[in-house]
Amino acid sequence: MTMTLTSTASAGTTLRASAAEKGRYFGAAVATNKLSDNTYVTVLNREFNSVVAENEMKWDATESQQGRFSYTGGDRLVSHAQANGMSVRGHALLWHQQQPGWAQNMSGSALRSAAINHVTQVATHFRGKIYAWDVVNEAFADGGGGGRRDSNLQRTGNDWIEAAFRAARAADPGAKLCYNDYNTDGVNAKSTGIYNMVRDFKSRGVPIDCVGFQSHLGTSLASDYQANLQRFADLGVDVQITELDVMGGGNQASIFGSVTRACMNVSRCTGITVWGVRDCDSWRGSDNALLFDCSGNKKAAYTNVLNALNAGPGITPSPTTPGPTTPAPTTPPPTTPPPTTPPPTTPPPTTPPPTTPPPTTPPPGGCSASVSLNSWTGGFVATVKVTAGSGGTSGWNVSVTLPSGASVTNTWSATASGATGTVRFTNVEYNGRLGAGQVTEFGFQGTGSGAGLTPTCAAS
Ligand code: XIL
């Protein structure tokens, strides 16, 4: 069961190939009614080797009347996955949202039995076809307490989560069983509450194999994102990024890159799923939160993710059949929880973060450029936003003077001439023509410092 980091030089050209080369998967949430959309399916099949049903395996979809199960959408997705070499994440057996009306109106032991029956029936139906199940979704509260969220399920007794995990294990012993939640993107009160639950489950032999981090992200990423994944991995569970999407705009590409790097750097991070294929498929409306634009074109964020997959260390994945959970023999859990950082400043994700549009007044004539930087010791990623002036552009170039010692190592959505000193970035074929006020982005990665970059833009 030990996973080893291996360093293989490789450069896949699709997300699925690059992730697979590193022993991981790269997945997307799928709405099965889009499987007849050609553009959608072309991108899905080319880039992803894992899928999750955006809605079709939820309680309201699978058991809309008590005891009458329907698996049409879920089965369709499983067939599509099997025909295209994709694994399937199951989402979600129990959740306080998207319950059928009959369950919303239940309580106490009747609800408990109905919920456990639901877990048993659905996990049995899909037995052998699911890589990992989100057995319980979003059961912890937001805010400072680190405790459980109130819900009809929680009111059946605090042990409802472990009862669900035991039922899922009995029904499908081959699936990894995950707890999944949001606003857990760093060490904070909520993630620590979950951490303590997982540690408790492992110590008592409750079957849990993985923790999902939804990662519906705003305009910044917690600096301890990777450290948080690692502390869960150190408890002896796999970790996965399960519903990744990021507010469009300046930091999007670099955040996508950072999240991917964090996963690659944690040997028990077995895969990443983005919550949709194209921007227009996203539940986040106009946030443009995904890796492909509405026409299916790759965005700068895509390139950052691909590069991070190619640059990251590989793992030898553990067998899909989870081993028996052995109680942790050692020290009793400390009575003081690990230190917490203040709650994250990113907006809560169940309601998508508010769209803060950039100023809409176009600069007069020509074009303008602004840069946002994601730096680390020895390197940086710059995302440059180009805004067309009142005349629009048929092409543009942006010049940037790098500090001495810095050089450009990689560029996306533009062509660079030179690598040190003053570097000139010219539009690529698809992003040169901009209407008045229209915005496009390109990016580049560099070594050294990117401090103080002041881009100048010229239109043609
Ligand atoms: C969302 C879907 O994307 C929407 O289509 C649906 O209307 C509501 O649910 N956390 C989760 C996902 O675990 O199931 C949610 O998906 C997004 C938030």
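Predicted model: local features only at pLDDT ≥ 70, side-chain atom pairs only at ≥ 80, totals over all residues.
Colleague: How many aromatic pairs does a search of the whole structure find, and what makes Trp396 and Phe442 a stacked pair?

Modeller: The search of the whole structure finds 15 aromatic pairs. For Trp396 and Phe442 the separation is 5.4 Å centre to centre and the angle between the planes is 20°; since ring centres within 6.5 Å make a pair and planes under 30 degrees apart count as stacked, this pair is called stacked.

Colleague: Why is the pair of Trp396 and Phe442 said to tie together parts of the chain?

Modeller: Trp396 belongs to strand E14 (residues 396-401) whereas Phe442 belongs to strand E18 (residues 439-447), so the pair ties together parts that are 46 residues apart in sequence. Both Trp396 and Phe442 are buried.

Colleague: Why is the pair of Phe425 and Phe444 called stacked?

Modeller: The ring centres of Phe425 and Phe444 are 4.5 Å apart and their planes meet at 20°, so the pair is stacked, given that the limit for stacking is under 30 degrees. This pair also links distant parts of the chain, with Phe425 in strand E17 (residues 422-427) and Phe444 in strand E18, 19 residues apart.

Colleague: How do you know whether Phe425 is buried or exposed, and what of Phe444?

Modeller: Buried means under 20% relative accessible area; Phe425 has 0% relative accessibility and therefore counts as buried, and Phe444, at 0% relative accessibility, counts as buried too.

Colleague: What makes Lys190 a charge over the face of Tyr182, and which residue lies over the face of Tyr195?

Modeller: Lys190 is 3.6 Å from the ring centre of Tyr182 and lies over its face, where the distance limit for such an arrangement is within 6 Å. Over the face of Tyr195 lies Arg231, at 4.7 Å from the ring centre.

Colleague: Why is Asp209 called buried, and which side chain does it join through a polar contact?

Modeller: Asp209 has a relative accessible area of 8%, and because buried means under 20%, it is called buried. Asp209 lies in the loop between helix H8 (189-204) and strand E7 (210-213). A polar contact of 2.9 Å joins its side chain to that of Arg169, and the Asp209 side chain also reaches the backbone nitrogen of Leu177 at 2.8 Å.

Colleague: How do you know that Asn180 counts as buried, and which side chains does Asn180 contact?

Modeller: Asn180, a residue of strand E6 (residues 176-181), has 0% relative accessibility and therefore counts as buried. The side chain of Asn180 makes a polar contact of 2.9 Å with the side chain of Asn137 and another, of 2.7 Å, with that of Thr242.

Note on methods: Residues numbered from 1 in each chain as written. Heavy atoms only, no water. Phe/Tyr/Trp six-rings, centres within 6.5 Å; stacked < 30°, edge-to-face > 60°. Helix = DSSP H or I, 4+ residues; strand = E, 2+ residues; numbered from the N terminus. Buried < 20%, exposed > 50% of the residue type's maximum accessible area, 1.4 Å probe, protein only. Lys NZ or Arg CZ within 6 Å of the ring centre and 35° of its normal. Polar contact = N/O pair within 3.5 Å; in protein donor to acceptor, adjacent residues only side chain to side chain.
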